[in-house]
Amino acid sequence: AVVAITKLTKSCVSLGMEAQETAGMFESVFGSSTNEMQSWINEVNNVLGVSITQLQRETAYIYSMANSMNLGTANSTKLSKGIAGLSEDLSHFYNVSSDVAYGKLQSALVGNTEGLKAWGIILDDATLKQVAYSKGIAQVGAELTQQQKVMARYEAILLQTKSAQGS
């Protein structure tokens with residue numbers, strides 16, 4: 001019994017430390033927008049029951065990645081919220097963990113699209129150009145920049161996962 005209580009105590013301490021570290025990263029990444037993002041996370045938590053720590057981690061990672069790609073604040077925020085929410089939808093729809101769904105989405109944003117092919121989500125060059133042109137991400141006929149490709153991948157993913165959204 002003492003061993004079990006010790007293991008439980010260590011597990012609780014570890015989870016608490018992870019939550020503190022994630023909250024610190026979240027505040028560092030979002031800066032002056034922390035309260036706005038936290039409000040959104042609280043709403044998602046209330047509706048879906050998703051862990052606040054998980055949502056903070058996912059949104060901070062995507063925002064940081066998008067921001068480092070010079071996508072700007074608005075697009076970085078859009079991606080961070082969108083991917084965090086969609087990973088939950090896809091996890092329920094395809095009966096996989098939200099970490100698996102999130103990992104596939106995160107990889108796809110930077111061009112590693114193989115993981116999504118198993119779900120029938122195709123993000124080839126032709127698809128990206130079609131989406132980029134139709135959504136006004138790029139002018140028709142123009143070659144896509146890396147930033148435009150990221151946004152086109154995101155929009156193409158949304159278009160191809162409509163049946164899973166809100167599941």
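User: Is Lys129 buried, exposed or partly exposed, and what is its relative accessible area?
Analyst: Lys129 is partly exposed, with a relative accessible area of 28%; buried means under 20% relative accessible area, exposed over 50%, and partly exposed in between, using a 1.4 Å probe and protein chains only. Please keep in mind that this is a predicted model, where local features need pLDDT of at least 70 and side-chain atom pairs count only at pLDDT 80 or more, while totals for chains, interfaces and linings use all residues. Residues are numbered from 1 along each chain as its sequence is written, and side-chain values use heavy atoms, with hydrogens and water left out.

User: Which residue forms a salt bridge with Lys129?
Analyst: Lys129 forms a salt bridge with Glu143, and their closest N and O atoms are 3.6 Å apart; the term stands for a side-chain nitrogen of Lys or Arg within 4 Å of a carboxyl oxygen of Asp or Glu. Glu143 lies in the loop between helix H7 (125-134) and H8, whereas Lys129 lies in helix H7, so the pair ties together parts that are 14 residues apart in sequence. Glu143 is exposed, with a relative accessible area of 62%. As for the element names, helices (H or I, at least four residues) and strands (E, at least two) are DSSP runs, numbered from the N terminus.

User: How many salt bridges does a search of the whole structure find?
Analyst: The search finds 4 salt bridges. One of them joins the side chains of Arg57 and Asp99, at 4.0 Å from N to O. Because Arg57 lies in helix H3 and Asp99 in helix H5, that pair ties together parts that are 42 residues apart in sequence. Asp99 is partly exposed, at a relative accessible area of 48%.

User: And what about Glu155, which residue does it form a salt bridge with?
Analyst: Glu155 forms a salt bridge with Lys78, with 2.9 Å between the closest N and O atoms. Glu155 is in helix H8 and Lys78 in helix H4, so this pair ties together parts that are 77 residues apart in sequence. Glu155 counts as buried at 11% relative accessibility, while Lys78 is partly exposed, with a relative accessible area of 36%.

User: Back to H5, which of its residues are buried?
Analyst: The buried residues of H5 are Ser98, Ala101, Tyr102, Leu105, Ala108 and Leu109. Seen down the helix axis, the buried residues of H5 fall within an arc of 130°, so they line one face of the helix; the arc is that of the directions from the helix axis to the C-beta atoms.

User: What covers that face?
Analyst: The cover over the buried residues of H5 includes helix H3 (52-68), helix H4 (72-94), helix H6 (114-117) and helix H8 (146-160), with contact taken as heavy atoms within 4.5 Å.

User: What span should H5 have for its 12 residues?
Analyst: Helix H5 (residues 98-109) should span 16 Å at 1.5 Å a residue, and its end C-alpha atoms are 16 Å apart, which agrees; the expected span is 1.5 Å times one less than the number of residues. Just after H5, Gly111 takes a positive phi of about 105°.

User: Where is Asn95, and what is its phi?
Analyst: Asn95 is found in the loop between H4 and H5, and although it is not a glycine, it has a positive phi of about 55°. Asn95 is exposed, with a relative accessible area of 70%.

User: Changing topic, how many aromatic pairs does the structure hold?
Analyst: The structure holds 4 aromatic pairs; rings of Phe, Tyr and Trp (its six-membered ring) pair if their centres lie within 6.5 Å, and planes under 30 degrees apart count as stacked, over 60 as edge-to-face and the rest as tilted. Among them is the tilted pair of Phe30 and Tyr63, at 4.7 Å centre to centre and 50° between the planes. This pair links distant parts of the chain, with Phe30 in helix H1 (residues 2-30) and Tyr63 in helix H3, 33 residues apart. Phe30 counts as buried at 5% relative accessibility, and Tyr63 is buried with a relative accessible area of 8%.

User: Which residue lies over the face of Trp119?
Analyst: Lys104 lies over the face of Trp119, at 4.4 Å from the ring centre; a charge sits over a ring if NZ of Lys or CZ of Arg is within 6 Å of the ring centre and within 35 degrees of the ring normal. Trp119 is buried, with a relative accessible area of 14%.
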